[in-house]
Amino acid sequence: MNQHDLLNVRHASIGEAKTAMADLLEKRSSNYSLDAALYNDPHMFRVDMEEVFQKEWLFVGMTSEIPKKGDYFTVEVGQNPVLLVRDAEGKVNAFHNTCSHRGSVICNEHRGKVANLVCPYHQWTYDLKGNLLFAGTEMNKDFDLKQHGLKPAFCKTGGGFIFVCLGEKPPTDEFDEFLDTLETYMEPYDVENTKLAVESTMYERANWKLVLENNRECYHCSASHPELLNTLLEWDDTEDPRAPQDFHDHYNAQAAKWDAEGIPHKHKSFGAVQRNRIVRMPLKKGTKVMTIDGSAACQKMLGRIKNHELGSMRILHLPNSWNHMQSDHFIVFRVLPVSAQETIVTTKWFVHKDAVEGVDYDTENLRKVWDATNEQDKVLGERNQLGINSIGYRPGPYSETFEFGVINFLSWYSDTILRHLK
């Protein structure tokens, strides 16, 4: 079989996968889990990458990770290496991390600082806005530098969060409204004056949707997350139908204090099934932040915050992020698929930029709860994947009270795929 035939086979298989996926999603019951192929088939996974992760807005990191000119970090979205860099005007730019000469990756390190972007293969040099500055004297006299800059990716920021879209045209939905609200809700934290204290990267042998499904419910929390439940109230948000009156009383008492300090807290959601959501939730009475004993994690609070009991402002962004903003630190989570049954989960903890490790905060204490929780979720996700791979698996029903967040996520996923496949 020659290369042309192989290409036709590949296109045929992807085309067949798209047709099969559309059929499965159109026939699915909205309150049941997905068919096994949508969790474990490599062709279906390819469709996920093309129709979700190469077309939708993705969370990649925080602006305070690259505070100064020339600071950069890299991220891989499937087979697409992406570079985030701050230019001389302070703007955060996103580029495909591939040289316009012969395609080599330009920045090989996870993060660093550069004056210009220099490809290590043949030293083609770009400025921080992606313009090609130097291509050597070996190119012919008609060679036009202006035609060979780095390929940009769409990039937007809001409240210190950085999002990219790898598509030819980004979605025109409620995203800008979400970013505007995020800017308002994140103002008290003054993200530009925070720093990355520590991060972890976890490899999970499970489909990315199973990772998100697990996050979108706390049905499993009481049996699996003792460290987390030292401080976390299991209700998903202030509109959770399971929440009892004593929770609402506790929330109202905390909300009065937040209002007095000018701290935004009311539930905000965007999209028909809460694709983007922001809500501030109180933690358990007598606790301050998500540490093992609920005590402060850092001696320097963030931004203009004065109240230690700020609860956790939960920020959800589908398809790949959930986050917890607290009084003295915040935590961001990023999910990126690797294959049909492999996912990378990155967790980052941020503190005030002037906080001194070993004096104002201890990284082990800072990360202990979520290190334990992440590992517990990894085990749950991998067991879930193994069961779904069985010939005995059949889609099962979700609880409309305990698992409504999962139902919402899969409704968003299904609607998004079908919209892109039309």
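Start by selecting Cys218 and Cys221: a disulfide joins the two, with 1.9 Å from S to S. A disulfide here is a pair of cysteine sulfur atoms within 2.5 Å. Before going on, note that this is a predicted model, in which local features need pLDDT of at least 70 and side-chain atom pairs count only at pLDDT 80 or more, while totals for chains, interfaces and linings use all residues. Residues are numbered from 1 along each chain as its sequence is written, and side-chain values use heavy atoms, leaving out hydrogens and water.

**The cysteines**

Stay with the linked pair and look along the S-S bond. The angle about that bond is -110°, and the link of Cys218 and Cys221 is left-handed. Are these cysteines buried or exposed? Cys218 is buried, with a relative accessible area of 11%, and Cys221 is buried too, at 4%. Buried means under 20% relative accessible area, exposed means over 50%, and partly exposed is in between, using a 1.4 Å probe and protein chains only.

Now select Cys165, which is in no disulfide: the nearest cysteine sulfur, that of Cys155, is 11 Å away. Cys165 is buried, with a relative accessible area of 0%.

Cys107 counts as buried, at 6% relative accessibility.

**An annotated span**

Helices (H or I, at least four residues) and strands (E, at least two) are DSSP runs, numbered from the N terminus.

**Two crossing helices**

Show helix α3 (residues 42-53) together with helix α9 (residues 404-421). They pack at an angle of about 85°, with their axes 9 Å apart. That makes α3 roughly perpendicular to α9. For the terms, axes are lines fitted to C-alpha atoms, for helices over the stretch in contact, and angles run from 0 to 180 degrees between N-to-C directions; roughly perpendicular covers 65 to 115 degrees.

Which residues make the contact? From α3, select Val47, Asp48, Glu51 and Val52; from α9, select Trp412, Tyr413, Thr416, Ile417, His420 and Leu421. Contact means heavy atoms within 4.5 Å. The residues of this contact divide into six nonpolar, two polar and two charged.

Move to Thr184 in helix α4 (residues 175-186). Thr184 is partly exposed, with a relative accessible area of 47%.

Then pick Asp190, in the loop between α4 and β11 (194-204). Asp190 is not a glycine, yet has a positive phi of about 50°. Asp190 is partly exposed, at 33% relative accessible area.

Most residues other than glycine have a negative phi, and most peptide bonds are trans. Gln274 has a positive phi, near 55°, and sits in the loop between β12 (268-270) and β13 (276-281).

Finish at Pro319, in the loop between β14 (312-317) and β15 (321-325). A cis peptide bond joins Leu318 and Pro319, with omega about 25°.

Methods:
Angles under 35 degrees count as roughly parallel, over 145 as roughly antiparallel, 65 to 115 as roughly perpendicular and the rest as oblique. Ala, Val, Leu, Ile, Met, Phe, Trp, Tyr, Cys and Pro count as nonpolar, Asp, Glu, Lys and Arg as charged, and the others, Gly among them, as polar.
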